[in-house]
Structures are given as structure tokens and as C-alpha cells.
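Open the model in your viewer and keep the selection tool at hand. This tour goes stop by stop.

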Amino acid sequence: MNKLNVLFLYGKKQWRSLTAEAINRSDDRISVRSRGTARGATQTTRASDIVWAEVMLVMEGKCRQRILADHPSESMFNSVHVLDISDDYQFMDDELVGLVKSAAEPIIAALVRS
């Protein structure tokens, strides 16, 4: 079974996308990466990340806009979903874990089935 390549994106790649990557790393259905869209991010998004990804899950609408603006040709064939998770949490905060799971799981499940 081929795994679905999922890229979690957030402005500076700090707590939200790292949490999303950590809690999904052991999911046998998917391969995960997390990257930041802001210039000062710990690991910024590269064109190769977008080409690798089959789906991109972004924490906020502005991240989606930045990815599409910075990498228009690479992202034109990707599915990009906004999770609408605000930057109010620390790494692995219980509430953040719950939000990521409830927002990302239906998207992942639908794509894995199709």
C-alpha cells in the first residue's frame, strides 16, 4: 500500500506543524513532513517539498496564500486544505493535539480511501 504524502504548513514551523507532524508520524497510511512558509521559519518550504506532497494541510489561510504565491507552478496540482488552527498553543498541548486530529483526520481519511 502506497502512503499518502502529507505536508503540514505553518508560518514559522514552530508548535502547530511540529505537533501535527509528531502525532501523525506513526500513522501507517501517510508519510508526513512539516515546513514553515515564513522567511524566518526553522525549515522553510522548498519546491521539492511541494512536489513531494500529495496534500498540504495549512494552519491558516494566509499560509495557503503564501504557498500559492511563492510556488505557483509546483502547487498547482496539490490539494491544499486550511485547518483554521490559531497560533495559541505550545508544542503537544492537549487542546492543540485534539484540534489537529479533528481537523486533519477527515481530510486524510477521505484521500486515503479515494
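Predicted model: local features only at pLDDT ≥ 70, side-chain atom pairs only at ≥ 80, totals over all residues.

Residues are numbered from 1 along each chain as its sequence is written, and side-chain values use heavy atoms, with hydrogens and water left out.

**Aromatic pair.** Select Trp-15 and Phe-91. They form a tilted aromatic pair, 6.2 Å centre to centre with 45 degrees between the planes. (Rings of Phe, Tyr and Trp, the last by its six-membered ring, pair if their centres lie within 6.5 Å; planes under 30 degrees apart are stacked, over 60 edge-to-face, the rest tilted.) Trp-15 lies in helix α1 (residues 15–24) and Phe-91 in the loop between β4 and α5, so the pair ties together parts 76 residues apart in sequence. Helices (H or I, at least four residues) and strands (E, at least two) are DSSP runs, numbered from the N terminus.

**Buried neighbour.** Now pick Thr-19, also in helix α1. Buried or exposed? Thr-19 is buried, at 0% relative accessibility. (Buried means under 20% relative accessible area, exposed over 50%, partly exposed in between, with a 1.4 Å probe and protein chains only.) Thr-19 touches Phe-91 and Met-92, among others; contact means heavy atoms within 4.5 Å.

**Partly exposed residues.** Colour Met-92, in the loop between β4 (79–82) and α5 (94–113). Met-92 is partly exposed at 33%, as are Trp-15 at 34% and Phe-91 at 39%.

**Charge over a ring.** Finish at Arg-33. Its charged end sits over the ring of Trp-52, 4.1 Å from the centre. (The rule: NZ of Lys or CZ of Arg within 6 Å of the ring centre and within 35 degrees of the ring normal.)

Terms used. Lists of a residue's contacts leave out its neighbours within four places in sequence.
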